[in-house]
Amino acid sequence: MSAAAIRPAPPTAAPPARKSWRAGDRRWGMLFVAPQAIGMLLFTLIPFVFAFVLAFTEWNGFGLPRYIGFDNFRDQLTSPLLGRSIINTLIIAVITVPIGLFLAILVATALNKIKGRPFYMVLFFTPVVTSTVAIALIWQQILRPDGVLSDFMSRTLGIPQIDWLGDPRLALLAVCAVTIWSSMGLNIVIFMAGLQNVSPSVLEAAAIDGAGPVSRFFKVILPLLSPIIFYQSVVAFISSLQTFDLVFILVKNAGPDNATRTIVYHIYDLGFAKSQFGISSAASIILLLLTLLITALQFAAQKRFVHYEG
Amino acid sequence: MAITISRRQFGFFAGAAVAASSLAACSGSGSGSGKGKVVWSTWGSPEDLKSFDTFQEAFKKSNPDIDLVFQPTPSYSEYHSKLLTQLSSGTAPDVFYIGDDRVASVIRNNVLMPIGDKLSGTSISEGDFAANVLDIGRWEGKLYALPNDVNPDTLWYDKEALKAAGITDDPAQLAADDKWTTEVFFEMTAKLKAAGLTGAVYWNYWATHDGFMTAQGGKVYDDQGKYVAHQDQASVTAMEEYAQRFQSGEMKLADLLPEGAGSDTLLVTHKLGFLAAGRYTIGSIRGAGVDEALYDIVRWPSIDGTAKPTGVAASYLAVNAKTADTDAALKFFSSFLDADGQKLRLSGAGNAVPSIKGADDIVLSENYPAHAQTMLDMRDIGYSNFATEAAVPDLSNQISVELMQPLYEGKSDAKTTLEAVAKLVEEKTA
Amino acid sequence: MTTTTVDSPPKTTKTSGRKILGIGAKHLVILVAGLIMVAPFIWMLLTSFKGLPQLLQDPLSLLPKPWVFTNFADAWNALPFARAYFNSIYITVLIVAGTLLTTTMAAYGFARIPFKGSRALFVVFLAMQMVPKQVTLVPFYFLMAKIGWIDSHLALIVPAVMVNPFGVFLARQFIMSVPIELEEAAMIDGASRWRIYWQVILPTIRPGMGALAIITALDAWNSFLLPLILLNSTDLFTVPLLLSQFQGQYGGMNYGLVMAATAVSVVPMLIAFLVGQRQIINSLATSGLGGR
């Protein structure tokens with residue numbers, strides 16, 4: 001949000017005109033806020049409360065929900081499936097966020113002030129405008145054990161065919177790779193905008209100091225970008241906690257041995273595939289707590305690692 | 001320059017929003033609303049669903065007053081997830097398919113219309129249907145669902161693959177002579193494996209395990225609906241012997257084959273000897289453009305070489321208890337299931353075998369595969385999924401994935417596995 | 001490393017040669033990386049022209065042999081793609097237009113018109129921004145069933161338009177940067193709040209809202225989980241949901257057809273992007289947001 005230069009609030013001396021319609025002003029305020037506020041109440045807050053209530057019940061969708069206290073949470077917190085889902089989801093986040101952002105910064109730096117940038121940007125941005133379903137269908141074929149990638153690797157490296165999506169050790173890595181690939185373009189755009197705000201004089205000064213491109217990258221560019229890196233990592237981390245579409249289409253039934261089961265897949269599976277709506281709600285509350293915890297941790301880390309100019 | 005939205009454009013958007021939200025409001029086709037409307041649903045790939053075109057056209061023509069809406073879902077498991085959610089939220093279609101591993105559990109939720117006493121005056125009656133697949137459509141003396149059609153898992157075999165493995169006997173001929181023994185079959189799968197091919201491929205579901213056991217003279221459930229396979233020596237031995245073949249790689253589970261080398265692909269590229277599958281395989285063979293005369297079917301082998309009962313996969317049709325227009329729904333229900341309806345749906349390279357009397361000639365009239373009669377024979381002596389198992393949602397699937405699969409993968413032995421199944425069944429049905 | 005002293009503009013041939021080499025290498029690396037990015041799409045297009053015999057016998061050859069053009073017609077005929085395009089386009093347009101309207105309205109209310117409870121309400125918005133949508137998936141479904149919006153596009157459009165705390169937050173940032181003097185001048189002229197919003201605020205924050213429009217459009221167009229659970233009739237399906245029907249049985253053998261269907265769903269979007277790529281990328285860049 002670097003571009004939005006926030007102006008200080010004006011002095012409080014109210015102009016005389018304001019008084020004349022102050023009485024009706026409050027109503028205007030509520031009117032303006034109303035559509036979003038009503039939507040928030042109706043489509044988020046009420047379902048949110050209902051999710052909390054459901055989490056303490058047993059309900060298969062037929063008849064009335066039955067109150068069972070903390071049983072669902074007990075069930076889920078000891079469930080190897082939920083554990084698996086949380087670990088998988090965290091692995092996706094921990095692998096895709098740093099690697100994805102790092103690669104994006106590299107490309108953005110390389111693209112900074114280069115001829116033919118629009119052309120290159122189109123190449124990198126193409127996956128961003130492609131729906132996840134289409135991406136999954138394409139990669140599903142490419143990653144087949146008898147597919148192009150496996151064949152290419154076995155011919156160049158002399159290794160046997162690899163069943164990327166069928167091997168429990170590899171399926172999650174394949175999901176990560178596709179995620180990095182598909183989100184690259186958006187991250188590059190953000191960092192390129194950030195780089196444009198870095199004044200060229202800073203880089204020149206570093207060059208005069210005798211810093212090579214590598215040390216310039218790590219000592220100057222990365223720290224200067226750190227506020228954006230922080231913001232992007234929060235956003236990317238939270239959105240990778242919500243990974244669903246890709247694994248749902250790319251890998252059948254959450255993969256071999258549930259190798260690619262994510263938390264949202266777990267919520268969908270319990271609720272919409274197994275009709276265990278109470279347990280599903282409990283799992284979604286756990287997702288919420290996890291999201292809050294991780295965001296809090298990231299903001300705590302921000303104090304240590306992020307350098308704000310001035 | 002960046003995209004900017006002018007005020008005029010904004011006004012246009014706002015106008016469009018109002019205009020089009022009325023459009024959106026009309027486009028909703030809430031189920032069961034309005035007279036003379038039938039919403040129906042099933043699963044199937046776009047290709048499979050084409051077999052319903054002829055029937056739907058004919059139905060619309062003879063029932064111009066009924067508005068027919070079709071809501072298909074491609075995958076079997078996703079379809080049932082959706083159906084259950086729809087039933088619980090009161091948004092389910094008027095008439096819908098249910099798989100044989102789910103039907104009994106859906107019936108027990110009191111969301112289906114009892115149809116037994118409503119059939120008089122329609123084109124079908126209970127007695128028209130093959131009795132051995134009717135059982136799980138009943139609950140507490142009432143009938144809730146009828147079989148659309150059935151699919152006995154015949155063994156499709158590839159003569160070219162058998163020849164490549166040096167097998168000279170024709171399985172169908174052996175079966176005709178009652179010499180189609182398990183021993184001969186296992187010899188064939190071993191030879192196929194030795195020739196670098198896959199011996200046999202099965203789908204990991206109830207009819208596979210249960211068929212292994214009953215074809216070898218074993219029992220799975222007793223007459224009271226109690227799981228007894230673990231106490232039946234014939235069943236345990238059968239599972240042990242088959243599991244060995246899976247572990248050695250002679251046999252494989254279709255579910256675990258990698259994308260792109262699936263069971264159909266193996267069959268049409270002559271890399272597979274036997275595939276346990278239904279009549280829909282005709283479509284796969286013809287679609288691939290291979291010489292279809294190379295393929296034929298045979299029943300499952302038994303110890304003494306004679307025909308033994310095996311599982312018959314079936315799908316069921318039911319009517320929503322909350323349907324708005326019972327007459328229209330029943331009209332569709334009976335037209336779909338009667339002999340004429342089944343002929344319309346299943347003729348040509350249809351994907352299943354009729355469940356009703358008087359439509360069998362559609363299986364035979366094609367003269368393909370050469371021993372098409374085998375499908376009818378297997379249907380007549382076979383059995384549908386056991387009601388005990390089908391009464392618990394997902395139980396059949398859980399047995400297959402969590403218990404039987406480890407057995408086939410060599411992570412457990414037959415006795416332990418069947419005991420675990422017995423325990424699970426007891427837990428879930430308690 | 002290079003002799004960059006400010007007072008020697010005419011560069012030596014040695015350094016410029018080196019520089020050209022360096023720039024050439026840079027271009028080469030970026031080009032290779034870029035081609036890796038689009039390689040899957042090229043592969044998709046080539047495969048969509050392959051026939052079943054080739055896919056079975058010789059799946060690895062790069063070029064179709066022979067070129068088969070029927071896959072596209074088959075894919076287009078197998079499912080109502082035209083209808084799905086219509087659905088996706090009008091749903092996306094409505095969501096974008098509605099979202100821009102409601103979020104900027106709410107943002108203006110929060111930023112500039114004090115009323116009782118305004119602050120508390122804004123804190124609720126901030127907090128709700130953190131709640132993943134999937135947390136309320138089950139109750140949301142049953143709510144839609146209660147209202148009667150299952151199998152209706154209203155369930156996709158109305159909640160998306162009326163709930164976008166991130167958009168409100170973003171628009172508020174932009175509105176706070178609008179000089180209040182502009183507003184005051186309009187007030188003295190006797191303009192109503194609505195007129196100030198419409199004639200002063202909106203035009204000023206337009207550039208920033210372009211980015212919100214793009215992000216919202218991408219999200220609406222790609223949305224999959226909600227259409228998956230909410231829509232039943234094929235005629236109401238959106239493009240991603242319709243495309244997902246091709247997974248499964250089709251994928252096993254005749255994946256040339258699947259790739260043709262995928263291409264049918266991807267290519268129009270790519271063309272639209274190519275046409276507007278400069279504006280799209282610049283809007284995103286100037287607003288500095290990539291929140292998805």
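Q: What does the secondary structure of chain A come to?
A: It comes to 13 helices and 2 strands in chain A. Helices (H or I, at least four residues) and strands (E, at least two) are DSSP runs, numbered from the N terminus.

Q: And where does the model come from?
A: This is a predicted model, where local features need pLDDT of at least 70, side-chain atom pairs count only at pLDDT 80 or more, and totals for chains, interfaces and linings use all residues. Residues are numbered from 1 along each chain as its sequence is written, while chains are lettered from A and ligands numbered from 1 in the order in which they are written.

Q: OK. What radius of gyration does chain A have?
A: Chain A has 25 Å, whereas a compact globule of 310 residues would have one near 19 Å. The radius is taken over C-alpha atoms, and the globule rule is 2.2 Å times the number of residues to the power 0.38.

Q: What does its C-alpha trace span?
A: For chain A, about 75 × 65 × 35 Å along the principal axes.

Q: How many of the residues of chain A count as buried, in %?
A: 44% of the 310. Buried means that 20 or more other C-beta atoms lie within 10 Å of the residue's own, with C-beta atoms placed from the backbone.

Q: What about contacts in chain A?
A: Take those with a separation of 6 or more: 70% are between residues 24 or more positions apart. Two residues are in contact if their C-beta atoms, placed from the backbone, lie within 7 Å.

Q: Switching to chain C. How many helices and strands?
A: Chain C has 14 helices and 0 strands.

Q: Burial and contacts?
A: In chain C, 51% of the 292 residues are buried. Of the chain C contacts with a separation of 6 or more, 76% join residues 24 or more positions apart.

Q: Into which domains is chain C divided?
A: Domain 1 covers 13-70 and domain 2 covers 80-245. These bounds come from an automatic or database domain assignment. The centres of the two domains of chain C, taken over C-alpha atoms, are 39 Å apart.

Q: How many residues does the contact between chains C and A take?
A: 90 from chain C and 90 from chain A.

Q: Which helix gives the most on the chain C side?
A: Helix 14 of chain C (residues 255-287), with 17 residues.

Q: And the make-up of that side?
A: The side of chain C that touches chain A has 61 nonpolar, 23 polar and 6 charged residues. Ala, Val, Leu, Ile, Met, Phe, Trp, Tyr, Cys and Pro count as nonpolar, Asp, Glu, Lys and Arg as charged, and the others, Gly among them, as polar.

Technical notes: A residue is buried if 20 or more other C-beta atoms lie within 10 Å of its own, exposed if 12 or fewer, and partly exposed in between; C-beta atoms are placed from the backbone.
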